[in-house]
Amino acid sequence: PFNAALDLGSEQTVTMVEIWRRNDSMVTDLANVQCYAAESLDYSDRENIKYTNLTYLGTLDFEGSSDRVRVFTVPTINTRYLLFYFGASGRGNGGTAVSIADMCVWTPKVAETPEDPENPENPEETPETPEETPAE
């Protein structure tokens with residue numbers, strides 16, 4: 001019974017999930033979200049989504065705040081699919097209505113290895129040495 005499935009298009013290293021809640025009087029609709037990674041996902045039948053090998057990443061909890069956005073750290077995982085269960089509502093209607101404005105997934109930045117200026121693979125990408133300016 002998941003409320004949202006996110007297909008990243010290819011396997012990615014995920015480290016954080018950013019959730020944006022509504023920016024109106026219903027900002028507290030979403031109180032927490034359970035987050036899972038799946039090895040595979042078939043959502044061709046939206047009434048019966050099929051997934052394999054779920055990994056629980058944690059519960060993303062807004063802790064009763066009215067913050068519009070929060071970034072949650074999750075255990076680092078390589079996955080293509082993320083599943084979300086909107087498990088609680090801060091609305092006073094018995095928890096039956098939740099909504100979000102946006103969701104982002106963060107991956108670690110991969111540092112580029114600096115090129116060897118003595119033996120560049122592509123000379124056009126080698127930074128130019130600044131010309132010396134005579135001292136006055």
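Predicted model: local features only at pLDDT ≥ 70, side-chain atom pairs only at ≥ 80, totals over all residues.
Start at the surface. Tyr43, Ile49, Tyr51 and Leu54 make up a nonpolar patch there.

Tyr51 sits in strand 4, residues 50-52.

Now the inside. In soluble globular proteins, nonpolar side chains tend to be buried together. Here, the largest nonpolar core has 17 residues. Which of them touch the most other members? They are Val17, Ile19, Cys35, Leu57, Leu60, Leu82 and Phe84. Where do the core residues come from? Strand 1 (4-20), strand 2 (30-38), strand 5 (55-61) and strand 6 each give two or more. Strand 6 gives the most, with 6 residues.

Set aside its neighbours within four places in sequence. Leu57 then contacts Cys35, Tyr36, Ala37, Val74, Pro75, Ile77 and Leu82.

Next stop, Ile100. Ile100 lies in the loop between strand 6 (69-89) and strand 7 (102-106). At 29% relative accessible area, Ile100 is partly exposed. What does Ile100 touch? Leave out residues up to four places away in sequence, and the list is Ile19, Trp20, Leu30 and Phe86. Pick Leu30 from that list. Ile100 and Leu30 are 70 residues apart in sequence. In space, their C-alpha atoms are 7.0 Å apart.

Last topic, the aromatic rings. How many aromatic pairs does the structure hold? There are 2. One of them joins Phe62 and Phe72. A pair of aromatic rings is described by two things: the distance of the centres and the angle of the planes. For Phe62 and Phe72, the centres are 5.5 Å apart and the planes stand at 85°. Over 60 degrees counts as edge-to-face, so this pair is edge-to-face.

Where do the two rings sit? Phe62 is in the loop between strand 5 and strand 6, while Phe72 is in strand 6. The pair therefore ties together parts that are 10 residues apart in sequence.

And are these two buried or exposed? The cut-off for buried is under 20% relative accessible area. Phe62 has 0%, so Phe62 is buried. Phe72 has 10%, so Phe72 is buried too.

Conventions
Residues numbered from 1 in each chain as written. Heavy atoms only, no water. Patch = residues over 30% accessible without salt bridge, like charges linked within 9 Å, V, L, I, M, F, W, Y side chains within 5 Å. Areas by Shrake-Rupley, 256 points an atom, 1.4 Å probe, with all protein chains shown as cover. Salt bridge = Lys/Arg side-chain N within 4 Å of Asp/Glu carboxyl O. Buried < 20%, exposed > 50% of the residue type's maximum accessible area, 1.4 Å probe, protein only. Contact = heavy atoms within 4.5 Å. Core = buried A, V, L, I, M, F, W, Y, C linked by side-chain atoms within 4.5 Å. Phe/Tyr/Trp six-rings, centres within 6.5 Å; stacked < 30°, edge-to-face > 60°.
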